[in-house]
Amino acid sequence: HDVRFDEHGVMVLGCGAYRIGSSVEFDWCAVGCVRTLRKLGHRSIMVNYNPETVSTDYDECDRLYFEELSVERVLDIYQAE
């Protein structure tokens, strides 16, 4: 890796692909989780590939990954972090 990660955080999974009736609610839960983690003094790592959500705003989390929500990608990120 060309980037070193010395600080660990809590990984939050976003809503992924847009689905009518569930994406907005799930995204709001992810944003609430990230904001609560920040208030508690924890770093947050958001994993989501839906660019139309609040959770993918760079100001919401400490680290953001635009990656698919598959077991393989999530484990890759987990191991890197």
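**View 1. The largest nonpolar core in this predicted model.** Seven residues make up the core: Val 12, Ala 30, Val 34, Leu 37, Met 46, Cys 61 and Leu 64. Helix H1, spanning residues 23-39, gives the most to this core, with three residues.

**View 2. The open sheet of three strands.** The strands are arranged in the order S1-S2-S3, and their pairing is parallel. Strand S1 (10-13) and strand S3 (63-65) are the edge strands, each pairing on one side only. On average, neighbouring strands are turned by 20 degrees against each other, direction ignored. Strand S2 (residues 44-47) is joined to S3 by three bridges. In this pair, Met 46 stands opposite Leu 64. Helix H2 (residues 71-80) packs on the sheet and touches S1, S2 and S3; the direction of H2 makes about 160 degrees with that of S1.

**View 3. The salt bridge between Glu 60 and Arg 35.** The side chains meet at 2.9 Å, N to O. Glu 60 belongs to the loop between S2 and S3 and Arg 35 to helix H1, so the pair ties together parts 25 residues apart in sequence. Glu 60 counts as buried at 11% relative accessibility, whereas Arg 35 is partly exposed at 35%.

**View 4. The salt bridge between Arg 63 and Glu 81.** The N to O distance is 2.7 Å. Arg 63 is in strand S3 and Glu 81 in the segment after H2, so parts 18 residues apart in sequence are tied together. Both residues are buried.

Technical notes:
Residues are numbered from 1 along each chain as its sequence is written. This is a predicted model: local features need pLDDT of at least 70, side-chain atom pairs count only at pLDDT 80 or more; totals for chains, interfaces and linings use all residues. Side-chain values use heavy atoms; hydrogens and water are left out. Two strands pair if DSSP finds at least two bridges between them. Helices (H or I, at least four residues) and strands (E, at least two) are DSSP runs, numbered from the N terminus. Axes are lines fitted to C-alpha atoms, for helices over the stretch in contact, and angles run from 0 to 180 degrees between N-to-C directions. Contact means heavy atoms within 4.5 Å. A nonpolar core is a set of buried Ala, Val, Leu, Ile, Met, Phe, Trp, Tyr and Cys residues joined through side-chain atoms within 4.5 Å. Buried means under 20% relative accessible area, exposed over 50%, partly exposed in between (1.4 Å probe, protein chains only). A salt bridge is a side-chain nitrogen of Lys or Arg within 4 Å of a carboxyl oxygen of Asp or Glu.
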